[in-house]
Amino acid sequence: MRPIRLAMQAFGPYPGLEVVDFRSLGGRRFFLIHGPTGSGKTTVLDGICYALYGKSSGAERDVRDMRSHHSPDDLPTQVVFDFSVGRESYRVWRRPEQEAPGRRTPLRADATLWQRTGIGDDSTDGSVIATGLTRVTNEIEELLGFEADQFRQVVLLPQGQFREALTADSAKRQQILEILFGTEAYRYTELALKEKASGLADALKRLKDRRETLLKAADAQSLEQLQSTFEVERARLGQARKAERAASEAADAAAQALSRMRQDADKLSEARAAAQAVAGLESQALEFDAMEDKLDRARRAASCAGAEALLDQARQEEKAKRDAAGQAQKDLSEAESVARAASEKAAMEHSPERAEQRKQLETRLVTLESLAPRVAEIDKAREAVVEAGKADTKARDSAVAAAARKNEVWSELAKARAEWNEAQACGAELPLWESRVSEMNAALKRAERRAQLEHDMAQKADVAVRAQQSVDEAAGRLELARRRATLLRDTWLASQAVALAAALEPGAPCPVCGSTSHPSPAHEAGVGGDGQAPSQKDLRSADTAVTTAASEWSRLSKAASEALQQEASVRGQLAELSADDCDSGNLHSQLRDAEKRLEAAETATRRAQQLGEVIGRFEQQLTAAELQAAEAEATSREAASLLAAARATLGEKELSVPVDLRSPAALEAAQAKARTELDELVGALESAERGCQEAERALAGVQARAAAAAEALEGAIRNVQARSLELEFKAAQAGFTSVDEYRASRMADDVARELEQGIEQFHRELHAARERLARAAGEAAGIAEPDLIAAEANCTELALAAKKAMEDRIGLSNRIDQMRRQLDDLDKLACEMQEVEEEHAVIARVSDVANGRGHRNRLGMTFERFVLASMLDQVTEAATQRLQVMSRGRYALRRTMDRLTSRSAAGLGLEVFDAYTGRERGVTTLSGGEGFMASLSLALGLADVVQSYAGGIRLDTIFVDEGFGTLDPESLDLAIDTLVELQREGGRLVGVISHVPELVERIDARLEISMTDRGSKSRFVVG
């Protein structure tokens, strides 16, 4: 990537539009970005990095804070960057999120990427490649081959980090290199392996615990004991099954015998019940004989029913004829009265007064018909007023509704903004509580580690004390053994002297010293109190006891030493932990509180994002509501004007028509009323004439019907007398002495049928009972009364015994099934434990190697540290090439394998080889200028390595930020020569950022940054 043109607007210290045109350098590839501290030198790099990736050049600077404080409110913050990659040219534009005047919500962040290959006009953007923050960033990463962090490493070289990486200790250097190389994945691999090994160990422990639980549930100490018990129980089950079969057969036999006895008892009971039933039915025979006599009289009375029916019919006809004659007389009186009234009414309707009323109504109808056209016009005008009124009401309602909607949206918008402000304030604490939760978790782990170490130290101290006591006791035993051995040896030597002395002869030479003089020969009193001399076996036994005691003392001393070392090791680990973390209960409470606050902050952040979208929608709704309210108000005013015009037209037309006739309905009602009154008068005249004629005809008909009804009544009386005589004759024929006796013997047909059926049912039941008695007596003949109580007691006893045998067998069977399942579970558990143990053996070994533990990893290097060491070798090799040039061949960077302590890891140490002395020495011994050259070399070496890891992407531009102020003139010349040489390698563009005045004299191409109280300005100076 090579920069072409950078345009920053309201960005950093630049209040307006600041254009940095790198084409002003011409053919120069080495230039200085110079200006006083705080003028905005690094802001140029921030602008480039923000335009490409949406981030500043330093992780500690937030892009949201990069807006210039000197810029007017209506000038938006944005950056436009033109650059080339190979032969292709591009332009990228970015705008951060920012407040804008006249807007209720912030202006959202945005970005666009164009291709400008072959375009020379700066005002032309080119063809769009991508829009949107994420898409543009992805396209930039694809074009350059770098992500934002890699770009900072290889293009923007911050000297502070590399100076720190040069002089830091091994652990701190690992943290810095981890950030620079982004090797977190390897550390995550270490943690994953460690967690996997720990998880397998926990799983193995759980499986062992489960095995113990299963054995305890089976009431067994071991799998072998459980299997032995299983075999014993299986043998018992066979015996239980035999006992169950014997008890079941005895119970079945008793049950069959009881069943037979119950059958005999049922037969005897049936015979007694049948005899009782026959006796009961025979006692009802006299009652049913009386019922048969009553049924016979009812049958004879039925033959007279026809004659009685004819008599009843004749009496009904007589009554009807009598009623008809009475009604005819009544109708005749009414007809005479109606005829008189009709004659009077006809005379009244023909009077002169009625004739005058009819004439006046005819005249009014003609007048009302002439008003119809004018009333129709009034009605149309009134309809127009109604329609105008409806339109006016609708428009006013719409205006009120639109105003209410606008107020409602405004209220909701204000509420959403208040909630958004509250959520923003709460969400702003998210980084704080994330950090606090992380700190609390780390502190809690340290507290738990400290508690474990304190527990371990107490155990180790107790073991060490007991071991030392054992050493002291062993030392006492060793001392006693040594004393006894010395005493035995001295006694043995004395006994040997006595034996030699006994063989001495005066004048004869001593076999020991050869002297012929024996001044003081040994004697028995000097050997010992008991006079017994120890044997060689006693001496060897004493020597063996000394050797054994010495060996035991040496072994216990070694064990005590190891126990003391272990105690010291635990004590050392404990000393490294802070005593402030020992209150785990308080830490748990603080962690829960911090987690709650973190969750609240996360919820508030998500709520703020949601509310931002809601606010946007409410603002759109408010704009629409305001527009609708304005339109509704205009429509309401227009409708009110139309309503007033319609009302004026209606008033003008109503003047020519009476008030009570100004509506079609009123006019039609008046016409209908007049027409109805006229029709009523005409109809009354015609009706009176017709009524008079009809009344005369009706009177003649009624007179004829009255005469005929009187004659029919006399015939009906004669017919009743004849039918009465016929009924008396029929009753005598049926055997009744009188009509009253016949009527007392009558019975309804349904009652007679029920009585007949009851009699027949009685005879059938009596016959069936007698047959049942004969059958039951035959079956019960010769049967004695059985003893059911004794038989039932015996059957119950045998059934309980069978049930007990079955329950015993089921209990044993269930016990065996349970033991079989337990044995199967233990077998499966054994297989699972074997698989977990095998996997744990592999994973634990790999985890130990990856995490720098175990005897095989003597350097204590973790997986990530090994990768970093490999990368550091490449960086130091590339850095040494630069450093030797700047130091005139004196210094070379080297990686060391030294371990500061037994618990620290090796592999990331740095030292310099001094060719003047021929020895290595620490990097901290370098002077300020030498340290700058070494750190600059380290930065350039890293850029070369990262470039190679980025797939061989060519590095066309490098910016070096600060650090030159620590160099002496000679070292400054060498550093500049190195950078010049760097830009000659492939034509790289090298920019040096510094406020050092000496660089102005040495570099003739400069981007000068000047600072005022209203912001900064920039310009290229090319000498």
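Among contacts in the chain (heavy atoms within 4.5 Å) between residues at least 6 apart in sequence, 76% link residues at least 24 apart. The structure is a predicted model, in which local features need pLDDT of at least 70 and side-chain atom pairs count only at pLDDT 80 or more, whereas totals for chains, interfaces and linings use all residues. Residues are numbered from 1 along each chain as its sequence is written, and side-chain values use heavy atoms, with hydrogens and water left out.

The secondary structure comprises 22 helices and 15 strands, taken as DSSP runs (helices H or I, at least four residues; strands E, at least two) and numbered from the N terminus. Of the 1023 residues in the chain, 37% are buried, where buried means under 20% relative accessible area, exposed over 50% and partly exposed in between (1.4 Å probe, protein chains only).

An open sheet is formed by 6 strands in the order β2-β1-β4-β5-β6-β7, with antiparallel pairing; two strands pair if DSSP finds at least two bridges between them. Because β2 (14–21) and β7 (127–131) stand at the edges with a single partner strand each, one side of each is left without a neighbour in the sheet. Neighbouring strands are turned by 15° against each other on average, direction ignored, with axes fitted as lines to C-alpha atoms (for helices over the stretch in contact) and angles running from 0 to 180 degrees between N-to-C directions. Within the sheet, β4 (residues 78–85) and β5 (residues 88–95) pair in the antiparallel sense over 7 bridges, and Val79 stands opposite Arg94 in β5.

Helix α1 (residues 41–53) packs on the sheet, touching β1, β2, β4 and β5, and its direction makes about 100° with that of β1. Helix α2 (residues 133–144) lies across β4, β5, β6 (110–115) and β7, and runs at about 40° to β6.

When residues up to four places away in sequence are not counted, the contacts of Phe81 include Leu6, Ile48, Leu52 and Arg5.

Arg5 lies in strand β1 (residues 2–11) and, at 16% relative accessibility, counts as buried. Among the residues that Arg5 touches, not counting those up to four places away in sequence, are Asp21, Asp82 and Asp122 as well as Phe22 and Phe81.
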